Amino acid sequence: MATFLGINLFGLFGQLLVGLINGSFYALLSLGLAIIFGLLKIINFAQGAMYMLGAFAAWMVLNYLGINYWLALIVVPLAVGAVGILMERLLIRPIAQEDHLYSLLLTFGIALMLQGTFTHVFGSSGMAYAIPEALQGGFKLPFMYLPAYRAWIVVASILVCGATWWMIEKTRLGAYLRAGTENAQLMQAFGINVPLMVTLTFGFGVGLAGFAGVMAAPVYSVSPDMGSNLLIIVFAIVVIGGMGSIGGAILTGLGMGVVEGLTKYFYPEASSTVIFLVMVIVLLIKPAGLFGKEA
Amino acid sequence: MKTAIFTHSKLNLVLLLLALVAPFVLYPVFLMKVLCFALFACAFNLLLGFAGLLSFGHAVFLGTGGYVTGYLMINTGITPELGILAGTVVAGLVGALYGKLAVRREGIYFAMVTLALAQLAFFFYLQAPFTGGEDGLQGVPRGHLFGVIDLSDNLQMYFFVLAIFLFGFWLIQRTVHSPFGQVLKAIRENEPRAISLGYNVNDYKWVAFIISAALAGLAGSTKTLVFQLASLTDVHWHMSGEVVLMTLVGGMGTLFGPLVGAAAIVTIQNYLSGGELGNYIHIIMGAIFVICVLAFRNGIVGQFRKVLKQNF
């Protein structure tokens, strides 16, 4: 067994990988939250439920329609995004002028309904989703065994996060979005269809959660409460990072996953709480968050 | 506006009479459950309705009070009033700690911070050796009040719970109508202005948070004695959501709203869990959330008040 300074490298790298995988999901979810928050100034409490919906949708289209993983990776995020668009148009839009706390409560109610529905239909024990054939097996590296699907999660998530970052920071469309974040009314005056932009942004943010759900289906069991557990951690990560920057949301998500993985190796008892403790420290030192802009 | 028939003091009197007669008509344990949740919701509403702070982690204080009281009652044999006092104090201390952190952020960040801190406590209670893990603390003895009155009798327990509720409710009324409560309202309405007037806004929020947490702990301690059980259910985020729902349904920012909301939600839950619809309970709770936010933001009491104002 490879050891270095008394540390079991196999174990350490294994936990680091698990941490990176968790971090990929944190990054995807907090990125979606940050994009939605930027333009709508609301927190989507149903983001975790949308992630759960994505995982269940992947399971359902495979078992009912025979649509495989790769196709689901495209179809499901679009479908979940469409659900988000409906949600925004039918439920969130009517109370957009009210206090933002109401939209938080609204999305919380939606999350409860979705989670309750899936618990009722599928039970709470969870379903298995097979790893696609092309990604079964793994690579034997000198210091660890790297399962192919797990490597794929990290690579694909970083690609999607990176593409989203590029789109928002470097393209014309992204410039509109950033301008809308600064001053939506002025954008409207310049002839940009802001209501449409808001709807599509919400759909995109929610679609990211759906994408994360499909990615998660083969590694975690597909269960109704998979989203709510994850979302609370993601909230802590959003507080740590601050929602001011897109890149910050991605980096904090991945970073916190790694921190969690390291904790699992060195002090497993604290692994479920370490992210919350980091949040406490950040609140004490830099309340606005690591990448936060507001005072 | 002379709606003299509905002054607060008269309404208080009518409700008090109802509460005194109620245990002879309805099942006392059900009524005690309503009173515990009503106190919990009133404590929560002090923060949301009067200071504009949405805490999404209030279950921590309910559960902390319950665990402390349950543990002491089982292991030390102290009298129930001391057990409840201890639970309340510890919940207040946790509130002081959490509040100090949470008031550093505002708005939805405040909600996220409190939720995350509550989850931290949830994992702590899940792993801590003295909480009984998944099983919780079962068979908590109710004991003898002041060493004299036997609380295992449901009717005597009821009047004890009623007294606790009335104390909590009175304290909240006093707080809201005190100069301190007026400053809280000012902060809710216009924080920058309150700051410019020289108020140390964060300290006001912090004190409100502590009072709210301690009273939520009081509710949790009492609830543990009533049901002789302290469990993880009381610290779960579902419970934090439930108290938000009760306050929303009853009418946030009104004194009687949380009381009405708690009664409504507990009644609905009792009714559902008995029948075929038990499986739909979370779906129905979610739907009530959505409907209230979309169409019924004033809540029952708020709406009632609005109608009164328009018609009398």
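Entry 1. I note here that the model is a predicted one.

**Entry 2. Its partner.** I then looked up which side chain A:Glu88 meets in a salt bridge, and found A:Arg93, at 3.1 Å from N to O. A:Arg93 has a relative accessible area of 27% and is partly exposed.

**Entry 3. A pair across chains.** Next I examined B:Arg297 and A:Glu98, whose side chains form a salt bridge of 3.1 Å, N to O. I located B:Arg297 in the loop between helix H12 (281-295) and helix H13 (299-311) of chain B, and A:Glu98 in the loop between helix H3 (69-92) and helix H4 (100-122) of chain A, so this pair joins two chains. For B:Arg297 I read a relative accessible area of 23%, which is partly exposed. A:Glu98, at 31%, is likewise partly exposed.

**Entry 4. A pair within chain B.** I also looked up B:Asp234 and B:Lys223, which meet in a salt bridge at 2.8 Å, N to O. The pair links distant parts of the chain, 11 residues apart: B:Lys223 belongs to helix H9 (residues 201-227), and B:Asp234 to the loop between strand S4 (229-230) and helix H10 (237-250). Both B:Asp234 and B:Lys223 are buried.

**Entry 5. Total.** Finally, I noted that the structure has five salt bridges over all chains.

Notes:
Residues numbered from 1 in each chain as written. Chains lettered and ligands numbered in written order. Predicted model: local features only at pLDDT ≥ 70, side-chain atom pairs only at ≥ 80, totals over all residues. Heavy atoms only, no water. Salt bridge = Lys/Arg side-chain N within 4 Å of Asp/Glu carboxyl O. Buried < 20%, exposed > 50% of the residue type's maximum accessible area, 1.4 Å probe, protein only. Helix = DSSP H or I, 4+ residues; strand = E, 2+ residues; numbered from the N terminus.
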